[in-house]
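This explanation leads from the placement of individual residues to the overall fold. The reader may wish to keep the sequence and the coordinates in view throughout.

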Amino acid sequence: MATSGKTAARRPSTPPPSAKRRRMTLILMLLLIPALIGLIYSVLPHAKKNMGPKFQKEGTLQFLDETSSNVLASIDIEIAETDDDRTRGMMWRRSMEEEQGMLFLMERQEMQAFWMLNTYIPLDIIFIDENFRIVTIRKNAVPQTLDQVPSSQPALYVLEVNGGYCDRHEIKEGHFIKYQRTPPAG
């Protein structure tokens, strides 16, 4: 094999990085990784926080004084009249507007008791007899418990509103309710 008189030019070797330089590179990388993750996370689409089932207006309800002649307050209501509706009730809901509530139509007038399992908001639970008279109010029922919230007298209807509603609107035992279903659309 013939060789030329030229020898391959050698590059001068670079000295290995110093320990200080390696630490600085590592620190810089550790700072850039969270910033990069935050940037990626900020541009990804996000689902809205689950607020639970949405309120479905099925009627309106008025609170009346002891003489049933003066309207004290009015709310929109969702009606729970099947076993499944009554069992589910306000479970999984994270909020409810001030002027909303759920009216439970029970099968017969008797002592009633509710619990707050999987219910996330405090509620005033109002027990109402067959004459539409409020017989028991249990204020600010504690969320997320299996503790019984009972009526003190037999009731045919039960109404749930936001905790504190009865105090804010001066609703008392002995007052009456009147409700009306919203006609179906179509």
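**From a loop residue to the sheet**

N118 is located in the loop that connects β4 (113-114) with β5. The model under discussion is a predicted one. Within it, N118 has a phi near 60 degrees, a positive value for a residue that is not glycine. Is N118 buried or exposed? Its relative accessible area is 18%; because the cut-off for burial is under 20%, N118 counts as buried.

N140, however, belongs to strand β6. With a relative accessibility of 38%, N140 is classed as partly exposed.

Seven strands form an open sheet with mixed pairing, in the order β6-β5-β8-β3-β2-β1-β9. Its edges are β6 (134-141) and β9 (176-181), each of which pairs on one side only. On average, neighbouring strands of this sheet are turned by 30 degrees against each other, with direction ignored.

Strand β5 (residues 123-128) and strand β8 (residues 155-162) run antiparallel and are joined by six bridges. Which residue of β8 is the bridge partner of I125? The partner is E160.

The loop between β7 (149-150) and β8 holds S151. S151 is buried, at a relative accessible area of 5%. Its side chain reaches the backbone oxygen of Q153 at a distance of 2.9 Å. Leaving aside residues up to four places away in sequence, S151 touches M111, Q112, F127, T136 and R138.

F127 leads on to the aromatic residues, since F104, F114 and F127 form one aromatic cluster. The number of aromatic pairs comes to seven. One of them joins F63 and Y165: the ring centres are 5.7 Å apart and the planes meet at 40 degrees, so the pair is tilted. This pair links distant parts of the chain, with F63 in strand β1 (residues 59-64) and Y165 in helix α3 (residues 165-168), 102 residues apart. Both F63 and Y165 are buried.

Another pair, F104 with F114, is edge-to-face, with 4.9 Å from centre to centre and 90 degrees between the planes. F104 lies in strand β3 (residues 100-110) and F114 in strand β4, ten residues apart. Both F104 and F114 are buried.

Values for the chain complete the picture. Of its 186 residues, 33% count as buried. The chain exposes about 12,800 Å², of which carbon and sulfur atoms supply 57%. Among contacts between residues at least 6 apart in sequence, 68% join residues at least 24 apart.

How values were computed. Residues are numbered from 1 along each chain as its sequence is written. This is a predicted model: local features need pLDDT of at least 70, side-chain atom pairs count only at pLDDT 80 or more; totals for chains, interfaces and linings use all residues. Side-chain values use heavy atoms; hydrogens and water are left out. Two strands pair if DSSP finds at least two bridges between them. Helices (H or I, at least four residues) and strands (E, at least two) are DSSP runs, numbered from the N terminus. Axes are lines fitted to C-alpha atoms, for helices over the stretch in contact, and angles run from 0 to 180 degrees between N-to-C directions. Buried means under 20% relative accessible area, exposed over 50%, partly exposed in between (1.4 Å probe, protein chains only). Contact means heavy atoms within 4.5 Å. Accessible areas come from the Shrake-Rupley method with a 1.4 Å probe; for residues, only the protein chains shown count as cover. A polar contact is a pair of N or O atoms within 3.5 Å; within protein, one must be able to donate a hydrogen and the other to accept it, and residues adjacent in sequence count only if both atoms are side-chain atoms. Rings of Phe, Tyr and Trp (its six-membered ring) pair if their centres lie within 6.5 Å; planes under 30 degrees apart count as stacked, over 60 as edge-to-face and the rest as tilted.
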